[in-house]
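Here are my notes on the model you sent. Please read them with the structure open.

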Amino acid sequence: MPATPTCGGVESALASLRETYVRSRPASAELFRRAAHFLPGSNTRSVLHFSPYPLYMASGQGATVEDVDGHGYIDMVGEFSAGLYGHSDPVIREAIDGALDRGVVLAAPTLLEVDLASLITARFPSIERLRFCNSGTEANILALMTAINVTGRNKIIAFRGSYHGGVLTFPPEGNPLNIPLDVTLGDYNDVEGTEEMIRAAGKDLAAIIVEPILGAAGNIPATSEFISMLRKAASASGALLIFDEVKTSRCGRGGMQGRLEVTPDLTTLGKYVGGGLACGAFGGSAEVMARFDPTAPGGLKHAGTFNNNVCAMAAGVAGLSQVFTPERADEFLATTDAFRVGLNALCVERGAAMQFSGLGSIFTVHFTDRAITRPADIPGHSRPLSQLFHMFALLKGVLVAGRGDFFVSLPTSGVQLQALRQTVDEFIRAYEHLIPAGQREVA
Ligand code: PMP
């Protein structure tokens with residue numbers, strides 16, 4: 001194993017895998033060509049693009065999917081965490097069927113939103129009252145605007161590498177589509193620097209928004225020290241602390257806030273919370289959320305045709321009450337994290353500078369054995385190796401997100417997890433001349 005991989009070596013290995021991919025996936029290629037006439041670059045969802053062209057899926061069942069060329073895959077993308085229940089959970093299916101039977105556009109409140117709201121408030125004590133919306137992006141925009149209105153201030157602190165939605169994302173290269181809020185960026189897990197930044201913003205600071213696991217930048221967990229500091233400093237400044245738990249609310253029965261025992265002022269949810277259908281939510285204390293009471297003089301108005309759409313509400317209720325119960329959430333976190341830790345042990349055993357950062361069912365492959373506490377800790381050679389792993393795994397029938405993310409879904413069997421482990425092992429053996437040598441154990 002080399003000390004650092006040669007760029008050319010990874011590129012030519014990737015080119016060779018891509019040739020196999022193109023030869024064996026002609027139907028996806030054809031759809032990609034057709035789509036170019038109607039969708040810019042054949043794309044309507046940036047994260048799904050990869051070179052030479054993405055797979056077009058025909059169907060899914062349990063924790064597997066099948067592409068339009070007839071290749072089957074173990075689905076480790078899990079719809080970037082929204083697919084927690086897999087593709088065919090009978091309980092979810094029955095709930096959606098029931099909603100369809102009763103009519104889908106009722107233009108009125110229904111029992112379903114009452115039930116889903118009550119299940120969510122029972123699970124997340126910081127959420128005494130909440131409102132539904134259509135996506136995690138909407139939930140975060142609304143949470144930030146709530147904080148701005150409640151505090152009468154306008155500055156926001158977010159973190160480098162964070163993703164709070166297509167118009168609220170902070171990659172190194174910036175994002176011209178971001179909504180024009182007054183955002184200052186801190187470094188994730190930087191306790192002193194962020195504390196100073198909060199002090200400097202003083203009485204202009206409306207909100208601090210943070211993912212308890214920094215997701216799109218590589219599933220980097222926050223330290224407990226960092227999160228506790230944010231809680232204390234936000235309270236001292238009078239700003240609202242917003243936890244974006246759009247993905248991480250699945251990490252145990254109370255999400256990351258339960259695990260870290262920190263109570264944010266506002267929490268945002270999405271992804272699996274509508275049973276795999278489009279859904280978002282934001283909520284906090286009864287006092288803060290009372291601003292949305294339509295009978296309150298000068299109350300905030302937040303409309304949205306599909307805020308309480310019956311299919312997502314019904315699927316969400318069924319999911320939280322019958323499938324992803326608090327006990328199941330805890331058990332799922334424990335078993336998936338043991339699996340993730342086992343993958344790290346395999347990397348050490350094979351002498352590969354490689355690790356799977358994250359927690360439980362949410363993790364990302366990186367090619368370093370150093371501790372990763374912020375995006376800058378991920379070395380430049382990691383990304384091309386992740387792309388190589390992505391293409392290798394895909395050709396072996398294991399679907400991973402293009403950037404090396406994994407989101408394990410509930411129906412994933414022990415055999416399927418072992419197939420992923422086996423794929424990791426085969427990858428290390430096949431490319432040991434390209435993967436840097438590992439020195440240390442990682443957690
Ligand atoms: N926040 C986080 C942490 C996310 O991962 C995402 C989606 N990847 C969002 C917000 C936005 O959610 P949506 O795609 O439903 O708008």
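1. **Thr137 and the ligand.** A polar side-chain atom of Thr137 sits 2.4 Å from an oxygen atom of the ligand. That makes a polar contact, defined as a pair of N or O atoms within 3.5 Å; within protein, one atom must be able to donate a hydrogen and the other to accept it, and residues adjacent in sequence count only if both atoms are side-chain atoms. The protein covers 83% of the 390 Å² of accessible area that the ligand has on its own. Accessible areas come from the Shrake-Rupley method with a 1.4 Å probe, and for residues only the protein chains shown count as cover.

2. **What the model is.** This is a predicted model: local features need pLDDT of at least 70, side-chain atom pairs count only at pLDDT 80 or more, and totals for chains, interfaces and linings use all residues. Residues are numbered from 1 along each chain as its sequence is written, and side-chain values use heavy atoms, with hydrogens and water left out.

3. Gly136 contributes through its backbone: one of its polar backbone atoms is 2.9 Å from an oxygen atom of the ligand. Lys271 uses its side chain, where an N or O atom lies 2.8 Å from a nitrogen atom of the ligand.

4. **The shell.** Which residues are around the ligand? They are Ser135, Gly136, Thr137, Asn140, Tyr163, His164, Gly165, Glu211, Asp244, Val246, Lys247 and Lys271. By class, two are nonpolar, six polar and four charged. Ala, Val, Leu, Ile, Met, Phe, Trp, Tyr, Cys and Pro count as nonpolar, Asp, Glu, Lys and Arg as charged, and the others, Gly among them, as polar. Helix α5 (residues 136–151) gives the largest share of the shell, three residues. Helices (H or I, at least four residues) and strands (E, at least two) are DSSP runs, numbered from the N terminus.

5. **Cysteines.** How many disulfides does the structure hold? The count is zero. The cut-off is a pair of cysteine sulfur atoms within 2.5 Å. For Cys311, the closest cysteine sulfur is in Cys279, 12 Å away, too far for a bond. Cys311 is buried at 15% relative accessibility. Cys347 is buried too, at 0%. Buried means under 20% relative accessible area, exposed over 50%, and partly exposed in between (1.4 Å probe, protein chains only).

6. **Aromatic pairs.** There are 20 aromatic pairs in the structure. Rings of Phe, Tyr and Trp (its six-membered ring) pair if their centres lie within 6.5 Å; planes under 30 degrees apart count as stacked, over 60 as edge-to-face and the rest as tilted. Phe32 and Tyr53 are a tilted pair, 6.0 Å centre to centre with 35° between the planes. Phe32 is in helix α2 (residues 26–35) and Tyr53 in the loop between α2 and β1 (57–61), 21 residues apart. Both Phe32 and Tyr53 are buried.

7. Phe80 lies in the loop between β3 (72–75) and α3 (90–102), and Phe407 in strand β16 (residues 405–407), so the pair ties together parts 327 residues apart in sequence. Phe80 is buried at 6% relative accessibility, and Phe407 at 0%.

8. **A ring cluster.** Ring pairs also link Phe339, Phe356, Phe363, Phe367, Phe389, Phe392, Phe406, Phe427 and Tyr431 into a cluster.

9. **Backbone points to check.** Most residues other than glycine have a negative phi, and most peptide bonds are trans. Ser51 and Pro52 are joined by a cis peptide bond, with omega about 0°. Pro52 is in the loop between α2 and β1. Glu79 has a positive phi, near 45°, and is partly exposed at 38% relative accessibility. Glu261 also has a positive phi, near 55°. Glu261 is in the loop between α8 (255–260) and β11 (266–269) and is exposed at 72%.

10. **Arg25.** Is this residue, Arg25, buried or exposed? Arg25 is buried, at 4% relative accessibility. Its place is in the loop between α1 (7–24) and α2. The Arg25 side chain makes a polar contact with the side chain of Tyr73, at 3.0 Å.

How values were computed:
A residue is near a molecule or strand if one of its heavy atoms lies within 4 Å of it.
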